[in-house]
Amino acid sequence: LWIVYLVWGSTYVAIKIAVRTIPPLLAAGTRFVAAAAVLATVLTLLGRPLRVTRREALSAAVVGLALLTFGVGLVHVAETRIDSSVAAMIAGSVPLQVVLWRTLAHQRVPRTTVIAAGVGLVGLGLVVLPGGIGDGTAAVGLLIMIVASLSWSRGSFATAKLTLPSDPFVATTIEMLVGGVALLVVAGAVGEWGDVGRGTFELGPLLAWLYLALAGSVIGFSAYVWLLDNAPISQVVTHQYVNPLVAVGLGALLLDERPSLATLAGAALIVGAVVVTVRQESRSASEARARRASGATPGTPADRTV
């Protein structure tokens with residue numbers, strides 16, 4: 001969990017640096033394909049089989065497209081137009097979006113969770129609207145970032161219902177390969193391959209890309225997928241209110257980013273709402289386990305429904 005906290009919090013800054021010269025979809029696609037190759041090699045050397053059933057492969061591919069192609073891939077595009085700290089704040093609203101998916105799926109959602117989600121969405125509005133009104137370029141970036149966060153939240157929510165490979169690291173390898181290849185195809189379709197030149201490979205962006213491929217993808221994403229399979233989702237999503245804090249701090253320190261007061265106020269509402277949501281869901285999950293253990297109320301929703 002600490003790996004996800006710190007590594008993913010720093011990836012927003014690394015993405016901002018990488019896309020200074022590397023086309024965003026190419027940066028994301030090559031990052032995931034390289035990470036998939038590294039992870040597959042490690043698994044092979046450890047003697048862990050990569051063979052999966054067709055259903056498992058399809059499920060992993062769906063997750064890869066949702067979380068990586070339309071999720072992280074679009075974050076790279078958004079950060080060509082907006083600050084890394086703002087991108088991280090929008091991503092921090094993912095747990096609140098999951099509440100929306102739960103509601104649409106007709107699941108029972110505690111009133112406290114619904115109220116917290118509403119407050120957090122007001123905070124999201126404070127983060128998005130000032131920049132969107134004042135700058136057309138930033139407005140496009142903000143819209144792209146919102147789409148990316150919605151894709152990530154939907155993919156995370158759907159993961160519990162899919163039949164993924166039993167080995168989470170094999171699942172991660174397939175997801176990164178599918179997500180990365182899809183990004184490279186789209187990059188070719190929009191002409192990013194033609195944008196590659198000598199100026200693309202500056203030292204800073206290349207080092208940032210290497211960090212994203214190894215730390216952000218191989219280590220961070222493997223940890224996240226393992227957590228999804230082994231921990232309550234209510235605990236896993238706590239990274240969503242730690243990552244923005246790490247990103248804002250590093251953005252100010254390394255990139256001289258200075259969010260507006262309205263943006264910071266919105267971020268505070270988002271983080272506060274996520275904290276309340278996570279605590280409420282953890283409490284509800286504990287109560288559900290206690291009732292199931294006593295045999296009082298069979299069929300109570302599982303922990304991973306957050």
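1. Helices in this note are DSSP runs of at least four residues, numbered from the N terminus. The model under discussion is a predicted one, and on this numbering Val38 is placed in helix H2.

2. Val38 has a relative accessible area of 35%, and is therefore partly exposed. At least two residues of the patch come from each of helix H2 (24–45) and helix H9 (203–230), and H9 contributes the most, with 4 residues.

3. Helix H5, which covers residues 94–104, has 8 of its 11 residues buried, so this helix is largely enclosed by the rest of the structure. Among the buried residues of H5 are Val94, Pro95, Trp101 and Arg102. His106 follows H5 and has a positive phi, near 65 degrees.

4. The structure contains 2 salt bridges. In one of them Asp167 pairs with Arg48, and their closest N and O atoms are 2.9 Å apart. Because Asp167 lies in the loop between helix H7 (136–159) and helix H8 (168–189), while Arg48 lies in the loop between H2 and helix H3 (54–78), the pair ties together parts that are 119 residues apart in sequence. Asp167 is buried at a relative accessible area of 15%, whereas Arg48 counts as partly exposed at 31%.

5. A salt bridge also joins Asp256 and Arg258, with the closest N and O atoms 3.1 Å apart, and both Asp256 and Arg258 are exposed.

Technical notes
Residues numbered from 1 in each chain as written. Predicted model: local features only at pLDDT ≥ 70, side-chain atom pairs only at ≥ 80, totals over all residues. Heavy atoms only, no water. Buried < 20%, exposed > 50% of the residue type's maximum accessible area, 1.4 Å probe, protein only. Salt bridge = Lys/Arg side-chain N within 4 Å of Asp/Glu carboxyl O.
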